[in-house]
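User: I want to learn how to read a structure. Can you take me through it step by step?

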Amino acid sequence: MKLSQFKFKLPEEQVAMEPTYHRDECRLMVLHRKSGRIEMTKKDENGEDLLDKDGNPVYLDFRNILDYFDEDDTFIFNDTKVFPARLYGTKEKTDAKIEVFLLRELNPELRLWDVLVEPARKIRIGNKLFFEDDGPMVAEVIDNTTSRGRTLRFLYDCPHDEFKRELFALGAAPLPRYIIDKREATAEDMDNFQTIYAKNEGAVTAPATGLHFSRELLKRMEIRGINFAYITLHCGLGNFDAIEVEDLTKHKMSSEQMFISKEACDLVNKTKLEGHRVCCVGTSTARATETAVGTDGMLKEFEGWTNKFIFPPYDFGMCNALIGNFYHPESTMMMSECSFGGYELVYEGYKKAVKNGYKFGCYGDAMLILDD
């Protein structure tokens, strides 16, 4: 397919700048890929739309996701943990304000980090950056990696755990640029931009679909007998890179580190063999499981990196249900959803979402795609 097929007009006011007050109260749209049916509203016992006191239809919310799953179904969650990756420093001598975005630690012993800097034109090898007025956190630029990429050596002599604690204390939640350009990250964002089941540190952006799950919802799912499998894919910035080619086969995704355990495989494969639903929570989870699924349709243990790019036409080998958010035009996440649900159906869902005021982006509303 072509990049231009994923264009649509997204009103600026429908890009969510804040999360919902409760994690699980965003809207939910349900797409049935075989029948082509799209559900948006709650129904009464006669199958008619429920109406509020003003006579308007009542929309499905995320807590209604329970209505579509049964005992022994399995949800696959990405348990990566976001760290406070966005820092602001000043350049020596000029005092120019520099944004430093931490990507990953290259060498703990030498305090080497792979980062992005902005504005990049001001930062050269040998420059020093200061992160506090009179504090000890100083970094030296020792290499250029890409046009905006640099390798920093932090000049901070202390045990590694203390260094990481001090470094992260200076950072802010790595919200997407489309939010940061409109408002600053707050202390609350560090909690809001983290799933409640986050465990393994390494992500520089949240697996956004997982943000909708509250402790209360997970407990209700557990009571119903739904299983939870956890895999790890450390979400990077590749999903936010602009696709610059019309022919999608020529686009290359950035690599992300991932881990799938034997425990997760055993649970997911048992669910699948017994004919129950396997639901991937988010396109990052789908990308990870599609990287590790075998030709027999079973999930395999995996430890390594993936740069898998899923776009239509694509036959999923692992899950038979997928939850995602509503994403920006021409985004790789939207393309993954179209691959699973079918381009025409998902695109129609997006059009309905725009028309009916759904919110888009990492703090936006959710879509459930079922194989029925």
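User: Which residues does Ala-288 touch, not counting residues up to four places away in sequence?

Analyst: First, the ground rules. This is a predicted model, where local features need pLDDT of at least 70, side-chain atom pairs count only at pLDDT 80 or more, and totals for chains, interfaces and linings use all residues. Residues are numbered from 1 along each chain as its sequence is written, and side-chain values use heavy atoms, with hydrogens and water left out. Contact means heavy atoms within 4.5 Å. With residues up to four places away in sequence left out, Ala-288 touches Ile-231, Leu-233, Met-258 and Ile-260.

User: How far apart are Ala-288 and Leu-233 in sequence and in space?

Analyst: They are 55 residues apart in sequence. In space, their C-alpha atoms are 6.6 Å apart.

User: Is Ala-288 buried or exposed?

Analyst: Buried means under 20% relative accessible area, exposed over 50%, and partly exposed in between (1.4 Å probe, protein chains only). Ala-288 has 0% relative accessibility, so it counts as buried.

User: How many salt bridges does the structure hold?

Analyst: A salt bridge is a side-chain nitrogen of Lys or Arg within 4 Å of a carboxyl oxygen of Asp or Glu. The structure holds 27. One of them joins Arg-63 and Asp-24, with the closest N and O atoms 3.8 Å apart.

User: Is Asp-24 buried or exposed?

Analyst: Asp-24 is buried, at 8% relative accessible area. Arg-63 is partly exposed, at 30%.

User: What about Asp-181 and Arg-177?

Analyst: Their side chains meet in a salt bridge, 3.5 Å from N to O. Asp-181 is exposed, at 54% relative accessible area. Arg-177 is partly exposed, at 35%.
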